[in-house]
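Please read this report alongside the sequence and the 3D view.

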Protein chains: 2
Amino acid sequence: MENIPSIKPTESELEILQILWQLGKATVRQVNDELSKFKEVGYTTTLKLMQIMHEKHILSRTEEGRYHLYQAEIGEEQTQQLLLGKFVDATFRGSAMKLVMQALGNQDVSLDELDEIKKLIAEKEKNLNL
Amino acid sequence: MENIPSIKPTESELEILQILWQLGKATVRQVNDELSKFKEVGYTTTLKLMQIMHEKHILSRTEEGRYHLYQAEIGEEQTQQLLLGKFVDATFRGSAMKLVMQALGNQDVSLDELDEIKKLIAEKEKNLNL
DNA sequence: ATTTATCTACGAAAATATTCGTAATAAAAT
DNA sequence: ATTTTATTACGAATATTTTCGTAGATAAAT
């Protein structure tokens, strides 16, 4: 880990990353099984994608006997941060504020979660006031 | 307007939409000039894209003498909402909460803006408590 | 009136992303 | 031992997105 991602994973790559962030290490078969739960995808398609991701150093892999164990080389939060920045720029013209307002306004967020957000805001305000 | 967007504009299309949302109506030349401020792009490239967007009913156009005036057919907030939903799913596994936390934590948000967000949260809580 | 500049239409090239077929290999099952 | 199954490697086909060259038309400039 610890390779600041500067290139954006594609959508398919992100799907695979999500699975690997959850599983830690996994074989192509495992990843493909997970993918198959929500989309039709051939085994060799997944394989090829993971090989490409390996070439790009998005994934590392170790040989375990006959097969390969793959692992994400870029961190989840790190990647989310990168994608979030680009998304804010492209979709909200750089205004994180607008994005947050829309997300709070229209996506599902529970009371407890709102509380957590309030805490975070309080923290932030404290820091900004220094 | 009033055509709920279900297809996602591509990145280039979104760039053009951003400009048209700002300008209202505009010619290809105007849009291309705006685009040129932050990226190299040939006139015919922009033209072609806008023609394609017109075919897809993302843009409407009226003929004014020799040239065309284009206008966004899908609303800004509507589109942001659509893209936000997909983005939350793809990047934050559906958790708007996580997205908001990350956005507040790491993107630039001012004190005033935090205040606004607090107000929105208070509103939301009121509604949820009913 | 001719030339120059500007616009649209169109097709196709280039770049990028996704999918999959086939072959080689090795393990597992019969 | 042979067959079946599962795996990787590889190349190429397909699909999608982006870019741009060329041609035709019309207005503007000379």
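## Basis

This is a predicted model, in which local features need pLDDT of at least 70, side-chain atom pairs count only at pLDDT 80 or more, and totals for chains, interfaces and linings use all residues. Residues are numbered from 1 along each chain as its sequence is written, chains are lettered from A and ligands numbered from 1 in the order in which they are written, and side-chain values use heavy atoms, without hydrogens and water.

## Sheet of chain A

Chain A has an open sheet of three strands in the order 1-3-2, with antiparallel pairing. Helices (H or I, at least four residues) and strands (E, at least two) are DSSP runs numbered from the N terminus; two strands pair if DSSP finds at least two bridges between them. Strand 1 (25–26) and strand 2 (59–64) of chain A are the edge strands.

Strand 2 and strand 3 (residues 67–72) of chain A are joined by six bridges.

## A:Glu15

A:Glu15 lies in helix 1 (residues 11–23) of chain A. Beyond its neighbours within four places in sequence, A:Glu15 is in contact (heavy atoms within 4.5 Å) with A:Leu35, A:Phe38 and A:Lys39.

## Interface

In chain B, 47 residues are in contact with 46 residues of chain A. Between the two chains there are eight salt bridges (a side-chain nitrogen of Lys or Arg within 4 Å of a carboxyl oxygen of Asp or Glu). A:Glu77 forms a salt bridge with B:Lys98, with the closest N and O atoms 3.6 Å apart. Helix 6 of chain B gives the largest share of the side of chain B that touches chain A, 13 residues.
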